[in-house]
Amino acid sequence: MITYREANAFDLPVFVSLDKELFPYSPWSASQYKEEFSSPTRHFVVALDQAENIVGYAGVFAPGEAEADVLTVGVVPSHRGKGIAKALMALITDWANTQGSTAMMLEVKTDNTDAIGLYESLGYSKLNVRKDYFGAGLDAQVMRLELS
Ligand SMILES: CC(C)(COP(=O)(O)OP(=O)(O)OC[C@H]1O[C@@H](n2cnc3c(N)ncnc32)[C@H](O)[C@@H]1OP(=O)(O)O)[C@@H](O)C(=O)NCCC(=O)NCCS
């Protein structure tokens with residue numbers, strides 16, 4: 001069974017190590033995560049397996065009555081295809097809603113069909129493409145979900 005909870009400072013090393021595996025093109029450092037975790041406009045959640053190992057995580061930036069930004073979402077390969085990312089996205093979207101967010105925005109690598117499939121399944125629409133957003137030759141698809 002998978003359980004979910006808000007992330008805390010003790011989870012930080014796991015975020016850093018999973019970022020290297022899941023986002024080798026743009027991993028966040030420990031100091032970046034430390035700063036993000038300490039901000040009241042950010043909210044991070046984790047998915048835990050039965051042994052309480054982190055198998056997925058997500059984060060959002062929601063600065064009050066404005067657009068919120070999905071900062072990250074990732075699930076370890078062994079646990080994919082079981083709805084964990086969908087559940088994590090629901091948790092951060094609920095939190096953004098409580099902050100008064102008007103919409104959810106995100107940038108995803110244009111060749112990341114798994115993630116684009118996830119976002120489309122949640123009702124996100126494709127907007128513009130940002131050239132070289134993740135580095136030279138790594139374009140980002142901008143996507144958006146209106147919140148009511
Ligand atoms: C993208 C990612 C987070 C999806 O995690 P997941 O837990 O496997 O996703 P879920 O099981 O919750 O899937 C939810 C929906 O996403 C879509 N989806 C997930 N994997 C997909 C795939 N391989 N191909 C197409 N659609 C996919 C489906 O619509 C799926 O719904 P369905 O199972 O009812 O059809 C995961 O593949 C991952 O961690 N990738 C590496 C990190 C990454 O790229 N993160 C996104 C950064 S922007």
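Okay, so this protein has four helices and seven strands, where helices are DSSP runs of H or I with at least four residues and strands are E runs of at least two, numbered from the N terminus. It's a predicted model, so to speak of local features we need pLDDT of at least 70, side-chain atom pairs count only at pLDDT 80 or more, and totals for chains, interfaces and linings use all residues. Residues are numbered from 1 along each chain as its sequence is written, and side-chain values use heavy atoms, with hydrogens and water left out.

Going along the sequence, you get β-α-α-β-β-β-α-β-α-β-β. The radius of gyration is 15 Å, close to the 15 Å from the globule rule for 148 residues, so the protein is as compact as a globular protein of that length. That radius is taken over C-alpha atoms, and the rule is 2.2 Å times the number of residues to the power 0.38.

Now, the ligand. What surrounds it? A shell of 19 residues, with Val73, Val75, Gly81, Gly83 and Asn112 the closest; a residue is near if one of its heavy atoms lies within 4 Å. Strand E4 (67-75), helix H3 (84-98) and helix H4 (113-121) each supply at least two of the shell residues. Which one gives the most? That's H4, with six residues.

By type, the shell has nine nonpolar, six polar and four charged residues. Here Ala, Val, Leu, Ile, Met, Phe, Trp, Tyr, Cys and Pro are nonpolar, Asp, Glu, Lys and Arg charged, and the others, Gly among them, polar.

On to polar contacts, meaning N or O pairs within 3.5 Å. A backbone N or O atom of Val75 sits 2.8 Å from a ligand oxygen. For Asp114, a polar side-chain atom is 2.9 Å from a ligand nitrogen. And a polar backbone atom of Leu118 is 3.4 Å from a ligand oxygen. On its own the ligand has 930 Å² of accessible area, and the protein covers 71% of that, using Shrake-Rupley with a 1.4 Å probe.

Methods. A polar contact is a pair of N or O atoms within 3.5 Å; within protein, one must be able to donate a hydrogen and the other to accept it, and residues adjacent in sequence count only if both atoms are side-chain atoms.
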